Amino acid sequence: MTLLFADSFDGYATAQLAARYNVRSGMAITAAAGRNSTAGLTSSDHNEYVGLTVGNKATVIVGGAWYWTSVGSLYNMVDLYDGASIQIYLQVDAGGILRVKRGDGTLLATSAQALLSGAWYYIEIKATINNATGAVAVNVNGHEWVNVSGIDTQYTANAYVSLVKWHVYGKIDDIYICDDAGGVNDNFLGVS
């Protein structure tokens, strides 16, 4: 099975986040904060996050719905870790441009399109970790915004991801993690 994890934040409370996520800082589950008037995860601090260990995966696909009250500063959206070090991270800058960076801060790709404040976006990132044949693709609302391959996506000595972190500045809902094994759910799941 390649769908490793999914969460809608419905049916449980903030106090129960510790039972689902290995790492977390801040955040609250808020009723009617989700994209379909269901519960969603909320934060007013871009340094807050939830994270989950996934084993050692050479390729991961991570998605979720993000809502911003404002896009006013550079902050991380998704971090893909090997142990305590980030391999790849996805950021949004002050202008709403998506940036993909390697753990050492090297810019690997940017989007030509920009996110706008006050809107929901379903954002998915697929990353293959390799120091010669790495690849990163980012889809927004089912459309390709970034696609680069044959690049160095490996920051650590290991060519895999072991932990995924989601950052929230506003709201997030309907998140998932997949890998590329098994022939089912091994690519972007798309807007759900």
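I took strands (E, at least two residues) and helices (H or I, at least four) as DSSP runs numbered from the N terminus, and I counted two strands as paired if DSSP finds at least two bridges between them. The model is predicted, so I note that local features need pLDDT of at least 70 and side-chain atom pairs pLDDT 80 or more, while totals for chains, interfaces and linings use all residues. Residues are numbered from 1 along each chain as its sequence is written, and side-chain values use heavy atoms, with hydrogens and water left out.

Within this pairing, Gly63 has Glu124 of E11 as its bridge partner. I then followed E11 onward to strand E12 (residues 134-140), with which E11 pairs in the antiparallel sense over 6 bridges. Ile125 stands opposite Val138 in E12.

**Salt bridges**

I counted a salt bridge where a side-chain nitrogen of Lys or Arg is within 4 Å of a carboxyl oxygen of Asp or Glu. The count comes to 6 salt bridges.

I checked Asp174 and Arg35, whose side chains form a salt bridge at 2.8 Å, N to O. Asp174 is in strand E15 (residues 170-179) and Arg35 in the loop between strand E3 (28-30) and strand E4 (40-43), so this pair ties together parts 139 residues apart in sequence. For accessibility I used relative accessible area: buried is under 20%, exposed is over 50%, and partly exposed is in between (1.4 Å probe, protein chains only). Asp174 is buried at 17%.

Next I checked Lys57 and Asp179, which meet in a salt bridge at 3.2 Å, N to O. Lys57 belongs to strand E5 (residues 49-57) and Asp179 to strand E15, so the bridge spans 122 residues of sequence. Asp179 is buried, with 6% relative accessibility.

I also checked Asp152 and Arg102, which form a salt bridge at 3.6 Å, N to O. Asp152 is in the loop between strand E13 (143-151) and strand E14 (161-167), and Arg102 is in strand E9 (residues 97-102), so the parts tied together are 50 residues apart in sequence. Asp152 is partly exposed at 28%, and Arg102 is buried at 12%. Arg102, Asp104 and Asp152 are linked in a network of salt bridges.

**Aromatic pairs**

I paired rings of Phe, Tyr and Trp (its six-membered ring) with centres within 6.5 Å; planes under 30 degrees apart are stacked, over 60 edge-to-face, and the rest tilted. This gives 6 aromatic pairs.

Phe5 is in strand E1 (residues 3-7) and Tyr21 in the loop between helix H1 (17-20) and strand E2 (23-25), 16 residues apart. Both Phe5 and Tyr21 are buried.

Tyr75 and Tyr169 are also edge-to-face, because their ring centres are 5.6 Å apart and their planes at 70°. Tyr75 lies in strand E7 (residues 75-82) and Tyr169 in the loop between E14 and E15, so the pair ties together parts 94 residues apart in sequence. Tyr75 is buried at 1%, whereas Tyr169 is partly exposed at 23%.

I noted that ring pairs link Phe5, Phe9, Tyr21 and Trp166 into a cluster.

**Charges over rings**

I counted a charge over a ring if NZ of Lys or CZ of Arg is within 6 Å of the ring centre and within 35 degrees of the ring normal. The charged end of Arg20 sits over the ring of Tyr12, 3.8 Å from its centre. Lys165 lies over the face of Tyr49, 3.9 Å from the ring centre.
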